[in-house]
There are 2 protein chains.
Amino acid sequence: MDQTALFTMSYGVYVLGTKLENKLNACIINTGMQVTSIPEQISITVAKTNLTHDMVKASGQFSLTTLSEVSALENVKRFGMQSGRDVNKFEGIDYKVDVLGNPYIEDGAVAVLTGKVTQTVDVGTHTIFIASVIDAKDFKENKPMTYAAYRELKAQSMPPTTKNEKIYECTVCHYEYNGEIPFEELPDDYVCPICKQPKSVFKLK
Amino acid sequence: MDQTALFTMSYGVYVLGTKLENKLNACIINTGMQVTSIPEQISITVAKTNLTHDMVKASGQFSLTTLSEVSALENVKRFGMQSGRDVNKFEGIDYKVDVLGNPYIEDGAVAVLTGKVTQTVDVGTHTIFIASVIDAKDFKENKPMTYAAYRELKAQSMPPTTKNEKIYECTVCHYEYNGEIPFEELPDDYVCPICKQPKSVFKLK
């Protein structure tokens with residue numbers, strides 16, 4: 001089985017925002033899609049290890065913001081490469097809230113949807129949330145960022161490693177594990193925080 | 001609610017192939033994605049009106065071929081714009097079969113996956129099939145066709161209408177309804193056979 005065949009599937013890049021009680025949080029996903037048009041329903045697939053997963057499961061609602069092709073990598077870093085358990089990802093930036101109070105950003109975004117969860121499907125490491133779209137805003141600016149374009153952008157933006165650094169790079173999305181987590185070797189069950197691929201796709205730079 | 005916000009979501013373009021007893025069939029979908037990597041699982045979302053839907057539901061298996069950016073529109077026409085109830089879509093073309101006997105094409109394709117259904121989720125007009133990936137081939141040629149690129153290609157390829165023609169055009173994917181179905185006006189529950197959008201997105205050319 002040639003795993004690279006799976007990397008030929010196309011995706012967008014989205015900020016999944018949520019609110020539970022007074023806490024705001026968000027993460028990056030590539031797995032948003034429309035599943036029906038009558039009525040409008042979307043699905044999102046979220047890793048169970050994400051705090052956002054637990055918050056969406058508990059609140060039953062979310063915002064889904066489509067990032068634009070000119071969106072800064074900082075948006076992906078802010079929402080995708082740190083945990084809401086450690087930081088408030090919305091601190092110090094301009095954000096708005098949708099009709100249900102879920103946070104979203106307009107800067108670097110092309111549209112935002114508000115979803116109300118109607119079904120959850122357990123698929124193992126991830127949960128698929130099916131949701132009714134109860135509001136939608138199109139900012140009518142720029143084109144959406146594709147996941148393929150994000151991967152290229154990320155590859156170009158990375159500085160060469162310096163000696164003595166031990167950096168594991170995800171060969172799929174170019175995420176770099178460089179020691180934020182307290183272990184030197186990647187554990188066997190490690191998955192890329194961005195694209196959710198397993199340890200086997202990581203190479204030492 | 002601004003429905004156009006839903007059109008900012010990114011997709012690929014896939015041929016979903018299936019075999020039930022001795023019958024081969026396939027349709028076009030844009031809703032394929034990987035949902036987990038440990039183990040490899042994918043999901044496909046298929047309209048219940050498609051014969052391929054019923055065949056996948058009964059057989060519990062399918063091939064999913066990612067079309068390439070240089071794939072001919074003929075592939076979309078062959079598999080997406082006619083029904084397996086009327087024609088054998090694989091007649092007269094070169095095709096192969098995967099490890100489970102599902103048909104797929106290599107011409108105009110970048111990769112093919114074989115899925116074995118593990119869960120089905122009813123979402124109304126469509127069914128989401130979750131499947132284990134049991135085989136995968138990457139042809140290592142060209143890039144995948146995105147749904148956005150397909151829409152542009154389709155828009156460019158269309159000849160202007162001649163007078164006396166009554167053509168309804170899907171403003172989302174540029175599919176043209178021009179009378180194959182025996183009614184002059186689109187019925188209220190009409191959905192685009194390609195992108196599954198409702199009657200409201202169709203405009204008279």
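This is a predicted model: local features need pLDDT of at least 70, side-chain atom pairs count only at pLDDT 80 or more; totals for chains, interfaces and linings use all residues.
Residues are numbered from 1 along each chain as its sequence is written, chains are lettered from A and ligands numbered from 1 in the order in which they are written, and side-chain values use heavy atoms, with hydrogens and water left out.

Let me start with the place where the chains meet. Counting a contact as heavy atoms within 4.5 Å, chain B brings 54 residues and chain A brings 54 residues. The area buried between them is about 4500 Å², and carbon and sulfur atoms give 60% of that; buried area here is the accessible area, taken with a 1.4 Å probe, that two parts lose on being put together, summed over both.

How many salt bridges are there between chain B and chain A? The count is 4, where a salt bridge is a side-chain nitrogen of Lys or Arg within 4 Å of a carboxyl oxygen of Asp or Glu. In one salt bridge, the side chain of B:K143 meets that of A:E152, at 3.7 Å from N to O. There are also 24 residue pairs in polar contact between chain B and chain A, both residues being at pLDDT 80 or more. A polar contact is a pair of N or O atoms within 3.5 Å; within protein, one must be able to donate a hydrogen and the other to accept it, and residues adjacent in sequence count only if both atoms are side-chain atoms.

On the side of chain B that touches chain A, at least two residues each come from β3 (32–36), β4 (41–47), β5 (61–67), β8 (109–122) and β9 (126–138) of chain B, with strands being DSSP runs of E of at least two residues, numbered from the N terminus. The most comes from β9(B), with 9 residues. Sorted by class, that side has 26 nonpolar, 18 polar and 10 charged residues; Ala, Val, Leu, Ile, Met, Phe, Trp, Tyr, Cys and Pro count as nonpolar, Asp, Glu, Lys and Arg as charged, and the others, Gly among them, as polar.

Next, the sheet. Chain A has an open sheet of 3 strands in the order β11-β10-β12, with antiparallel pairing, and its edge strands, β11 (176–177) and β12 (202–204), each pair on one side only. Two strands pair if DSSP finds at least two bridges between them, and 2 bridges join β10 (residues 168–170) of chain A to β11(A). Within this sheet, A:E169 stands opposite A:E176 in β11(A).

Finally, the salt bridges over all chains number 12. One of them joins the side chains of A:K96 and A:E106 at 3.6 Å, N to O, and this pair links distant parts of the chain, with A:K96 in strand β6 (residues 96–97) and A:E106 in the loop between β7 (103–104) and β8 (109–122) of chain A, 10 residues apart.

Is A:K96 buried, partly exposed or exposed? A:K96 is partly exposed, at a relative accessible area of 43%, and A:E106 is also partly exposed, at 34%; buried means under 20%, exposed over 50% and partly exposed in between, with a 1.4 Å probe and protein chains only.

In chain B, B:K199 forms a salt bridge with B:D188, the closest N and O atoms being 2.9 Å apart. B:K199 counts as partly exposed at 30% relative accessibility, whereas B:D188 counts as exposed at 68%.

Conventions: Helices (H or I, at least four residues) and strands (E, at least two) are DSSP runs, numbered from the N terminus.
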